[in-house]
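Hi everyone, thanks for coming. I'd like to walk you through some side chains today, so let me put the sequence and the structure up on the screen.

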Amino acid sequence: MKTHGSDPDFERGRRGWFLGEGAAYRLSFLGLLLAFTALTFAVTSSGTPSDLARRPRVLTTLLTVTGPFTGAIARNGQSCCLEASTRLAIWLAPALAVALVARLTLAGRGGVAGAMGVALWALGWFVWLAGGIVSFGHAFG
């Protein structure tokens with residue numbers, strides 16, 4: 001009969017959110033998302049009172065993860081903003097693709113390969129989320 005002390009599945013489940021193989025990936029993504037969500041809220045909360053009344057600040061902030069499309073969301077999907085966001089996304093999507101491939105291929109490996117996987121994951125998401133801040137240049141410019 002197995003006891004909890006000798007059951008590897010039980011031990012793996014006890015590691016929790018901040019420990020284990022995927023913790024570096026989860027925490028780096030959540031840290032970046034939190035930082036860019038705060039930046040998005042700050043950007044969409046600035047301007048004249050009439051600008052603020054027409055701007056979907058909460059929706060834009062909640063959809064920060066859409067990266068370069070954040071600017072188009074902030075302008076209620078205006079065609080010129082959506083076109084600018086799409087052009088920007090075409091340039092930034094490869095960075096996000098590299099992040100996802102790194103997560104799938106390098107996760108769980110130790111040493112340099114594991115560290116490179118986390119670094120590529122974080123860099124890819126950073127580039128994608130920074131595209132949202134860049135897209136505000138067109139949306140509010």
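Let's start at Phe 140, which is partly exposed, with a relative accessible area of 27%. Please keep in mind that this is a predicted model. Which residue lies over the face of Phe 140? That is Arg 55, at 4.0 Å from the ring centre.

Now for the rings themselves. Searching the whole structure gives 6 aromatic pairs. Take Phe 29 and Trp 121: their rings are tilted, with 55° between the planes and 6.4 Å centre to centre. What I like here is where the two partners come from. Phe 29 belongs to helix α2, residues 23-44, and Trp 121 to helix α7, residues 111-139, so the pair links parts of the chain that are 92 residues apart. Are these two buried or exposed? Both Phe 29 and Trp 121 are buried.

Phe 140 comes back in another pair, this time with Phe 136: the two are stacked, 5.3 Å centre to centre and with 5° between the planes. Phe 136 is buried, at 4% relative accessible area, whereas Phe 140, as I said, is partly exposed.

Back to Phe 29 and Trp 121 for a moment. Together with Tyr 25 and Trp 125, they make up one aromatic cluster. Tyr 25 has a charge over its ring, too: the charged end of Arg 103 sits there, 4.3 Å from the ring centre.

Next, a residue that brings us back to Phe 136. Thr 40 lies in helix α2, and at 2% relative accessibility it counts as buried.

Last stop, the cysteines. How many disulfides does a search of the whole structure find? The count is 0. Cys 80 is in no disulfide, and its nearest cysteine sulfur, that of Cys 81, is 4.0 Å away.

Conventions: Residues are numbered from 1 along each chain as its sequence is written. This is a predicted model: local features need pLDDT of at least 70, side-chain atom pairs count only at pLDDT 80 or more; totals for chains, interfaces and linings use all residues. Side-chain values use heavy atoms; hydrogens and water are left out. Rings of Phe, Tyr and Trp (its six-membered ring) pair if their centres lie within 6.5 Å; planes under 30 degrees apart count as stacked, over 60 as edge-to-face and the rest as tilted. Helices (H or I, at least four residues) and strands (E, at least two) are DSSP runs, numbered from the N terminus. Buried means under 20% relative accessible area, exposed over 50%, partly exposed in between (1.4 Å probe, protein chains only). A charge sits over a ring if NZ of Lys or CZ of Arg is within 6 Å of the ring centre and within 35 degrees of the ring normal. A disulfide is a pair of cysteine sulfur atoms within 2.5 Å.
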